[in-house]
Amino acid sequence: MAQDLDPHLLSMLVCPVTKEALIYDREAQELVSKGARLAYPVRDGIPVMLPEEARPLAD
């Protein structure tokens, strides 16, 4: 079952590459950075904000 992230936590998180705000994809359990074209995983409700753990977004 998909989890929600704390809205306060989400408002403080930014992409470590671009420093831009992230978009939470609840279904995929990812935080999406449109600028960096990366999707950071959320594992057990914890965002993994490491670029090497992020999934590149397809065109």
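**Salt bridges and a nonpolar core**

Let's start with Asp4, which counts as exposed at 56% relative accessibility. The model is a predicted one, in which local features need pLDDT of at least 70 and side-chain atom pairs count only at pLDDT 80 or more, while totals for chains, interfaces and linings use all residues. Residues are numbered from 1 along each chain as its sequence is written, and side-chain values use heavy atoms, with hydrogens and water left out.

What does Asp4 form with Arg26? The two residues form a salt bridge, with their closest N and O atoms 2.5 Å apart. The term asks for a side-chain nitrogen of Lys or Arg within 4 Å of a carboxyl oxygen of Asp or Glu. Asp4 sits in the segment before helix H1 (7-12) and Arg26 in the loop between strands S1 (23-25) and S2 (30-33), so this pair ties together parts that are 22 residues apart in sequence. Helices (H or I, at least four residues) and strands (E, at least two) are DSSP runs, numbered from the N terminus. Arg26 itself is partly exposed, at 36% relative accessible area.

By the same rule, the count of salt bridges comes to three. Another one joins the side chains of Glu30 and Arg55, at 2.8 Å from N to O. Because Glu30 lies in strand S2 and Arg55 in strand S5 (residues 55-56), this pair ties together parts that are 25 residues apart in sequence. Are these partners buried or exposed, or in between? Glu30 is buried at 11% relative accessibility, and Arg55 is partly exposed at 39%.

Then there is the salt bridge between the side chains of Glu53 and Arg43, 3.0 Å from N to O. Glu53 belongs to the loop between strand S4 (46-47) and S5, and Arg43 to strand S3, so the pair ties together parts ten residues apart in sequence. Glu53 is partly exposed at 35% relative accessibility, and so is Arg43 at 42%.

Now look inside. The largest nonpolar core has ten residues, including Leu5, Leu22, Leu38, Tyr40 and Ala54. Such a core is a set of buried Ala, Val, Leu, Ile, Met, Phe, Trp, Tyr and Cys residues joined through side-chain atoms within 4.5 Å. Strand S3 (residues 38-43) gives the largest share of this core, three residues. Ala54, a core member, is in contact (heavy atoms within 4.5 Å) with Leu38, Ala39, Tyr40 and Pro41, leaving aside its neighbours within four places in sequence.

How values were computed. Buried < 20%, exposed > 50% of the residue type's maximum accessible area, 1.4 Å probe, protein only.
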